[in-house]
Amino acid sequence: RLRAKLREGTRLWMDPASEAEATATRTHVLAACEKVLNALKRHKYYFVFEHPVDPVALGIPDYPDVIKDPMDLGTVGDKLARGGYLHP
């Protein structure tokens, strides 16, 4: 049963039959993302990932050269809250 549910979920995501189905799937996925983010916020080490890295303050000037697309969970949460993810 799980395999069938996963297959159906993948079909809905990859090839929705209608715009309504696509919207419902997107809403469901975004709600799941928010649930995961809220669980991460309760973790004792969340604070480490809450804000963007400040390479100057941390003395790691090559950080932008190594990490091309930095992301922190605070930014993810803000973007999620304002509907910034079109394709989660």
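**Helix α6 and beyond**

A: D72 caps the N-terminal end of α6, with a side-chain oxygen 3.1 Å from the backbone nitrogen of G74; a polar contact is a pair of N or O atoms within 3.5 Å, where within protein one must be able to donate a hydrogen and the other to accept it, and residues adjacent in sequence count only if both atoms are side-chain atoms. This is a predicted model, in which local features need pLDDT of at least 70 and side-chain atom pairs count only at pLDDT 80 or more, while totals for chains, interfaces and linings use all residues. Residues are numbered from 1 along each chain as its sequence is written, and side-chain values use heavy atoms, with hydrogens and water left out.

Q: Which residues of α6 are buried?

A: In α6, which spans residues 73-81, the buried residues are G74, G77 and L80, where buried means under 20% relative accessible area, exposed over 50% and partly exposed in between, with a 1.4 Å probe and protein chains only. Seen down the axis of α6, they fall within an arc of 130°, so they line one face of the helix; the arc is that of the directions from the helix axis to the C-beta atoms.

Q: And what covers them?

A: The cover includes α2 (19-41) and α3 (46-49), with contact meaning heavy atoms within 4.5 Å.

Q: What follows α6?

A: G83 follows α6, and the phi of G83 is positive, near 75°.

Q: Switching topic, how many helices and strands does the chain have?

A: The chain has six helices and zero strands; these are DSSP runs numbered from the N terminus, with helices being H or I of at least four residues and strands E of at least two. Buried residues make up 11% of the 88 residues in the chain.

Q: Is F47 buried or exposed?

A: F47, which sits in helix α3, counts as exposed because its relative accessibility is 55%. Together with Y45, V48 and F49, F47 makes a nonpolar surface patch of about 450 Å².

Q: What about I60, where is it?

A: I60 lies in the loop between α4 (55-58) and α5 (63-66), and at 30% relative accessibility I60 counts as partly exposed. Leaving aside neighbours within four places in sequence, I60 is in contact with V53 and P55.

Technical notes
Patches are made of residues with over 30% relative accessible area and no salt bridge: like charges are joined within 9 Å, nonpolar side chains (Val, Leu, Ile, Met, Phe, Trp, Tyr) within 5 Å. Accessible areas come from the Shrake-Rupley method with a 1.4 Å probe; for residues, only the protein chains shown count as cover. A salt bridge is a side-chain nitrogen of Lys or Arg within 4 Å of a carboxyl oxygen of Asp or Glu.
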